[in-house]
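Subject: Structure for you to look at

Hello,

Here is the structure we talked about. My notes on it follow below.

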Amino acid sequence: MSRVAVLTGNHAVAYAVKLSRVDVIAAYPITPQTTIVEKLNEFIEHGELEAEIVHVESEHSALAACVGAAAAGARTFTATSSQGLLYMHEMVWWAVGTRLPIVMAVVTRAIAPPWNIWSDHNDILDQRDSGWIISMAETNQEALDMTIQAFRIAEDERVLLPVMVGLESFIMSHTATPVEIPDQEMVDAFLPPRNIEKPFILDPNNPISHGSICGPGCYMEFRYLMHNAMRSARKVIYEVEREYEKIFGRHYSGLVENYRLNDAKIAVVTLGSIAGDAKEAIDNLRSEGYSVGVLRIRYIRPLPYDELRENLCTKDLVVVVDRNVSMGSCGVILTEVKSVLYDCPKKPEIKGYIAGLGGRDITYSDFENMVKKAYSEVEEFGKIIVPHEWFGLKNEVRC
Amino acid sequence: MKIHVTVISKPTIGASGKTGFWRTFKPVIDYEKCTNCLICWLYCPENSIEIGNGMVIINYEFCKGCGVCANECPFNAIDFVPEGEYNV
Amino acid sequence: MVTIEDLVKGEEIVFPGNAACQGCPATLGLRFLGKALGRNIVLVVPASCSSIIQGPYPKLALKVSVLNIAFAASAATASGIWRAYKRRGVNGVQVVVWAGDGGTFDIGLQALSGAAERNENILYICYDNEAYMNTGIQRSSATPPGAWTTTTITGKKEMKKDLSLMLISQGIPYVATASLAYPFDFVEKLRKASRIKGFKFIHLHAPCPPGWGFPPEKLIEISRLAVLTGMWILYEAEYGHVKLTGPSRHLIDKAKRKPIVEYIRMQKRFRHLKPEDLEKIQKHVDYSWERIKEFLKEADAS
């Protein structure tokens, strides 16, 4: 029977992994991911989950162990944050090249130095180009649902790419909210056992090798196949969500979520749990007479090219709030959005804000102020003249 | 060449071609002296010495001419001669 | 006792026509691995000469399954494979890491030590050609003192890391050294290791003709001299209980060892050495024997 429990985001993910009948877990502790693996370890030691857990000695080894286990037919999972994710970066790319359907939870945390255990999105976005399917949840329920769906998406033969599900440090990972834990039988109906032959299996009776040298004559083709799989994933994600809704009754809207955006003239684009604050801000702004809505990006990869265009091309003003920065440039999401909207027949004004790095709160009033500032800029100058700026910096730093 | 989903290779003899072409020196067994002790077969790094009917046979298609067999033969039954000089 | 008939009947897992150099110790080592354990194995191969020897895509020059993996990752990847087999109830397949000294002593050491501590059921074989050969002969921590490499052109100043002793100290079920010149000893050790459930480490001496500067036909002769001069000690250790094997049993008596100069002068990588350098190397060899003797004394005592 499905039941509602008050769960932290991390525990919600742990329950999802348990329900998905994962075979091998390999992970290394890092705040704030730790309670995911602790909970899974508890499930295993109490006999609630039949799985092998490998207490590896580093994150690089964690993902390496997942690659080995998946190549030998197991359904695998790992979780990490920040420094750990960066440490395993080589293996992040390696996993894509093996086309193995590994699932990883990333509790997004700022990158050191200085040491900072609170949330921003630089760590997960740093993996943007690797070929992983990358999603960000807004709520603990969504984190649970996205994790179960991740196994289906990854293991689909049209995809065969690893999937990472992001959730924000502390705001979600350690904050408890009511979450519906689905019934095991229903999850089994939704998520059958993995087809261990895809994409390949290490079987002494049928020897093959994976990963030998292949020169300039064939490398590009393998990369193209990965890129193509990512494109197929777009369709697969929608199919999986529709099936999930039929079985579990919860609706998800694919690569993006549109909140009160259809008739709006201004759009706020962001990702993660801060979208919740953005929605609150939008409700307030609307009551003040602003015509505004939120577009929350749920999947950063595959890039929601069509969805961004459909939802944003007709807007007058798009405000992108990045909880990350590509040093020397601007926010990563701003770059992606601008490059997509360049193809609009009529381009909206676009304003980028960098906010909330290192876990600095972005409140709903901050969102209101960001929208109002951008709006005033357009009112005064007819267009956006400062394409992007940092929001909420302390005055001591400004020069 | 059909590309599979990912970079999978299958067991193949001569994966790097007919490596016999690499030789500058060639081992030649003197069957008068050979006692079929199998030491040459044991130490061949290339798996290019075959065990036939009571005799060992060098597979010249792949033998790289390293000379380990000639160096190790306890009976000096393998000559190691410049490639091209001695026609078998 | 392993006999030549055993080996004749054993599997050939290396196909001829592979990409290895003439006289390569890695392919010969793989042949012996196949003879010892047959084809019911899965290899994990990190970046190393063996990554290339396998032959370019789509051709595999081996008859066993191989998962090629990143340089630092072999022991962790092998752990994952073993755990998946365990979970799936796949029995009797030995997961084998086949790694060079670079991927074992240096960049792969952390994963190796971690997998050893967890006692993962894997057989880790390090074929030690005493430098990063695949990238063109750069020094590793396994390079012996005095040896020329492209990054130690006046000869390596530091000692050779004694990894096998380190692993014995970690208390793993089985640690052994091996030499291509003593194939029956190597095969017996491989078979013994595969019968143990837990972490096993075999350190194979792998003289490299281009890297060390000797003609390929001397491969076995140099391997043999390494043992007979006492520079490479053959032993095995079960849970730290050390026993010398092969000729090394008698070479505990220094007088029975051949002079190290016989080994050294056959290799261009030592050509620049002066007599005083030879003395330093001799001291290093003596020191290694003293350390082994300590372990032997412990074994005798218990």
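In chain B, 68% of the contacts between residues at least 6 apart in sequence join residues at least 24 apart; two residues are in contact if their C-beta atoms, placed from the backbone, lie within 7 Å. Bear in mind that this is a predicted model, where local features need pLDDT of at least 70, side-chain atom pairs count only at pLDDT 80 or more, and totals for chains, interfaces and linings use all residues. Residues are numbered from 1 along each chain as its sequence is written, while chains are lettered from A and ligands numbered from 1 in the order in which they are written.

Chain B has two helices and five strands, in the order β-β-α-β-β-α-β along the sequence. Helices (H or I, at least four residues) and strands (E, at least two) are DSSP runs, numbered from the N terminus. The C-alpha atoms of chain B fill a box of roughly 55 × 25 × 20 Å along the principal axes. Of its 88 residues, 43% count as buried, meaning that 20 or more other C-beta atoms lie within 10 Å of the residue's own, with C-beta atoms placed from the backbone.

Leaving out residues up to four places away in sequence, A:Val67 touches A:Met91, A:Trp94, A:Ala95, A:Thr98, A:Leu100, C:Ile69, C:Thr77 and C:Gly80.

Regards

Terms used
A residue is buried if 20 or more other C-beta atoms lie within 10 Å of its own, exposed if 12 or fewer, and partly exposed in between; C-beta atoms are placed from the backbone.
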